[in-house]
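Open the model in your viewer and keep the selection tool at hand. The tour below goes stop by stop, saying what to select and what is found there.

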Amino acid sequence: MPPTLSALLQAAAPHPLDGTVARWLPVLVLLPLLGAVVNGAVALVRRPSSARHPLVTLVGPGVLLAAFALALQLFAAMRGAGTSLTAPFLVGGDVPWIRAGGLTLSFALQLDQLSMVMVLVITGVGSLIHLYSVGYMRDDAGYARYFAYLNLFVACMLVLVLGASYPLLFVGWEGVGLASYLLIGFWFTDPANARAGQKAFVVNRIGDAGFLAAMALLWSSAGTLDFAGVPTWLAAQGNAPVVTAVALLLLLACAGKSAQLPLYLWLPDAMAGPTPVSALIHAATMVTAGVYLVARSGALFAAAPVASLAVAAVGALTALYAATIALRQWDIKRVLAYSTVSQLGYMFIGVGVGAYTAGVFHLVTHAFFKALLFLGAGSVIHAMHHAYHHAHREDDPQDLRNMGGLGRHLPITATMMTVATLAIAGVPPLAGFFSKDEILASTLARAHGTPLASASLLGIPGSVVLQGVYAVGLITALLTAVYMTRMLVYAFFGANRSGEEARAALHEGSPIMVAPVVVLGVLTLAGGWLNLPALLPLGPVGVLDQWLAPVTGAASRQLGGAAHLPHDTEVILVGLAVAVALLGMGLGVWLTRHPVLPKAQAPEDRSLLARAYDADRWAERFVVAPVRRLAERVLADAVERGIDGAASASGRGVVAAARAAGRRLQDGDVGRYTWWLAGGAVVLVAILVVG
Amino acid sequence: MITESLVVSALLFAIGVVGVLTRRNAIILFMCVELMLNAVNLSFVALARLHGVAGHVFVVMVMTIAAAEAAVGLALVISVFRHFGTVDLPSLRSLRE
């Protein structure tokens, strides 16, 4: 039996972060939670009001900025502790939560290098998006409700990345799912939006079942659910099948939350929510929870190379699949949604091949440029919506066919979106180039002579799988450049298709919407410096890699050995990546050379890609409909006829018996009543005398 | 003296109970109930010699309540007679199906 967390805590030597600002770690979670409570109270009290409340404007983004400031303090403390920081810092291990049988759980939060990176992304990008929301949602009747949900989301997300055990992580996991559901269906008066929220919730439930099963299996075989206890168990267990089973179940959970095949279906529909929500939840943070979970469970996945290969394979397939769909979408947010699914696939490749740093690096850079893309798209939609409103037209403000030439009206947004597009396409020296290249290079580096390459997935040797994953990754990189360029050109270049009257009303949003976009643009430009390759003499090499080494280094080495590519190969790979990016952008420009008609005049696009392979219809026919039929059958036969029938029958029996007895007792015969009375008195006296 | 009083009281009470149980006329029933109350009164008065004045107080109380009860009860009997034309209890069984 591995030691419990509290035993570890008592036995632990003094931690280098003891007595520093790190003891305020719980405050980090409580700040956004406080914001959610205050904003929720305002929303409840001022229900019919459509005006935005100054308290909400102050508290909503305020708690996030405070949390970000605290996160920076924590980061400084960790930097101060330096290399002495090898174990996670634990707070709250003595606050009991669940005690059942042999299971003892506490509300322990843990801070280590991986959590720190996530916390900085969540609070940093979160702050920018909260500020942006002040401008974006200013005229919305649900202003306070919106910020209450958004604060709640951040609180749950922080629990997710700071929890020191799988169950506490799961609390955050479900909490962000709830916040996501509430925000997707934020404009719930349109039934389509409410349905999208439900869809996200139900599809995620399938993944959550995997998470619960993984925890049950882990508990029954390892006897621990703390992250700290897992390596001890693995050391005794070796490569037992149960380890692979736990890892594969966790993969199912991650596929649900991070929108991988086959559970990605909810994410494109999740775009029904307000655009800043898409930026924060469905691009930058929540959907990366799966990547975080794999990295967090690195020891587990490293002991199960088959599961790791499965992660990489699922990621590669998803990346390619979603990228092809994004080629033919007309809704600007749907392009970005499928792009997100595709980029999440990239991150899965990274963490799947054991290059945990590369996966997390791409997570961070993706958070920068995808948040930027979504906020930019939000600015575009905002401008288009107001322009059409001004022109009294009911056209679709999100459709690329209605845009065109927006660069002249929204110059800052257009510039920033171009930067982000170059980044996601993988043009150096922007953030996306470095992270994507590192994932691809790590994949190829592990294709020979590593434990990962000698494992096999479904009979296919690991080296073949890895080479396949690399090839798919490269093709996806090409497609990414194509569809992003297509989106950029249709939206911001060429002739405008919005219509004369609407065009005059197109303009950039308020400064509070422009500023976060610009900040994210700077981060997109500079994000690559977080983890520079040794190849290019640009600055300090592998900062993030060294930072994460105490958390993921061991697992990374266990899977990949001392995998390293020869210098010449690396140069060729970088050249190839740049060539692919430029070729893709050229293709994108070439594809968009013909002018398109505005949506209202264009024929409906019925191509297979525009219909997203009809995946929704297939899922409806082969999964949803059979399940629904089964549920109806169960409801009609087992529940209504069986259980309800039995309950009704037993109820009728009771009534009949009571009626028979009552009729006998109360028949209106006073003589009989007196006998009952006398008999009762005798019994009473007898009891008094005997007792 | 107390023993004799209690014996008389018990006899009176038993007569009352038997009357209530066996007679069919509502007014006779009432009189039997009064008999039982007065049997209890007799016990109270007798036992007051042993236990103090509280017994007397109870008797006054019982008599008051008995008077009220008789008033209500007789009113009911009159109503019953007006409605059914009889005060014979076994024939007042319209509750039965």
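Predicted model: local features only at pLDDT ≥ 70, side-chain atom pairs only at ≥ 80, totals over all residues.

A residue is called buried if 20 or more other C-beta atoms lie within 10 Å of its own, and exposed if 12 or fewer do.

**Stop 1: a hairpin in chain A**

Select strand E2 of chain A, residues 96-100. How many of its five residues are buried? The number is zero, so E2(A) lies largely in the open. To see the pairing, pick A:Ile98, which stands opposite A:Leu105 in E3(A). Together E2(A) and E3(A) form a hairpin with two residues between them. In the turn, click on A:Gly101, where phi is positive at about 60°.

**Stop 2: helices H4 and H16**

Next, show helix H4 (residues 113-136) of chain A together with helix H16 (356-390) of chain A. The axes of H4(A) and H16(A) are 11 Å apart, and the packing angle is about 5°. Angles under 35 degrees count as roughly parallel, and H4(A) and H16(A) are therefore roughly parallel to each other. On the H4(A) side, the contact is made by A:Leu114, A:Val117, A:Val121, A:Val125, A:Ile129, A:Tyr132 and A:Tyr136. On the H16(A) side, select A:Val360, A:Val364, A:Ala367, A:Ala371, A:Leu375, A:Gly378 and A:His382. By class, this contact of H4(A) with H16(A) has 12 nonpolar residues, two polar ones and no charged ones.

**Stop 3: helices H16 and H23**

From H16(A), select A:Tyr356, A:Thr357, A:Val360 and A:Phe361. They meet A:Leu544, A:Asp545, A:Leu548, A:Thr552, A:Ala555 and A:Ser556 in H23(A). The residues of this contact divide into six nonpolar, three polar and one charged. A:Val360 takes part in the contact with H23(A) and also in the contact with H4(A).

**Stop 4: two residues with positive phi**

Go to A:His392, in the loop between H16 and H17 of chain A. Its phi is near 55°, a positive value in a residue other than glycine. Is A:His392 buried or exposed? A:His392 is exposed, because 8 other C-beta atoms lie within 10 Å.

Then select A:Ala612, in the loop between helix H24 (567-591) and helix H25 (615-665) of chain A. A:Ala612 also has a positive phi, about 55°, although it is not a glycine. A:Ala612 counts as buried because it has 20 C-beta neighbours inside 10 Å.

**Stop 5: two cis peptide bonds**

Move to A:Pro262, in the loop between helix H9 (241-257) and helix H10 (266-269) of chain A. The peptide bond from A:Leu261 to A:Pro262 is cis, with omega near -5°. Next, find A:Pro429, in the loop between helix H17 (411-425) and helix H18 (431-445) of chain A. A cis peptide bond joins A:Pro428 to A:Pro429, and omega there is about 0°.

**Stop 6: where the chains meet**

Finally, bring chain B into view. In its contact with chain A, 10 residues of chain B meet nine residues of chain A. The chain B residues that touch chain A divide into seven nonpolar, one polar and two charged.

Definitions and conventions
Residues numbered from 1 in each chain as written. Chains lettered and ligands numbered in written order. Contact = placed C-beta atoms within 7 Å. Nonpolar A, V, L, I, M, F, W, Y, C, P; charged D, E, K, R; others polar. Helix = DSSP H or I, 4+ residues; strand = E, 2+ residues; numbered from the N terminus. Axes fitted to C-alpha atoms, helices over the stretch in contact; angles between N-to-C directions. Parallel < 35°, antiparallel > 145°, perpendicular 65-115°, else oblique. Pairing = 2+ DSSP bridges.
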